[in-house]
Amino acid sequence: MSTPKETSFVVALLAGGCAGTSVDVALFPIDTIKTRLQAPQGFLKAGGFKGVYSGLAAAAGGSAPGAALFFSTYETSKNLLAKRVD
């Protein structure tokens, strides 16, 4: 059985940031529409489809650091634990 190659901290950090941003960019409009559908005043009065992308930059920028930290912590922990098991 071959040993998987270790992922460096920087690579995991960048991959996490890209993944977090990608998820937010893809799902932000859907989440906005869902929230408006659940609004007490109704979908159209809550904004309808207008401005579905408003706030996307802030949400994507805010999720990148958290996802980057999660990915890099996960990969570092995984590598350290794998060394202890072997």
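This is a predicted model: local features need pLDDT of at least 70, side-chain atom pairs count only at pLDDT 80 or more; totals for chains, interfaces and linings use all residues.
## Basis

Local features need pLDDT of at least 70, side-chain atom pairs count only at pLDDT 80 or more, and totals for chains, interfaces and linings use all residues. Residues are numbered from 1 along each chain as its sequence is written, and side-chain values use heavy atoms, without hydrogens or water.

## Helix 1

Helix 1 runs over residues 9-37 (helices are DSSP runs of H or I, at least four residues, numbered from the N terminus). Its 29 residues reach 41 Å from first C-alpha to last, close to the 42 Å expected at 1.5 Å a residue (1.5 Å times one less than the number of residues). The helix bends by about 45 degrees at Leu 27 (the angle between axes fitted to the seven residues ending there and the seven starting there). Pro 29 follows within four residues.

Buried residues of helix 1 include Gly 16, Gly 17, Gly 20 and Phe 28 (buried: under 20% relative accessible area; exposed: over 50%; partly exposed: in between; 1.4 Å probe, protein chains only). The buried residues pack against helix 2 (56-85) (contact: heavy atoms within 4.5 Å).

## Salt bridges

The count is 2 salt bridges (a side-chain nitrogen of Lys or Arg within 4 Å of a carboxyl oxygen of Asp or Glu). Asp 31 pairs with Lys 34 at 3.7 Å, N to O. They sit 3 residues apart in helix 1, about one helical turn. Asp 31 is partly exposed at 41% relative accessibility, and Lys 34 is partly exposed at 39%.

Lys 78 pairs with Glu 75 at 3.3 Å, N to O. These two are 3 residues apart in helix 2. Lys 78 is partly exposed at 37%, whereas Glu 75 is buried at 13%.
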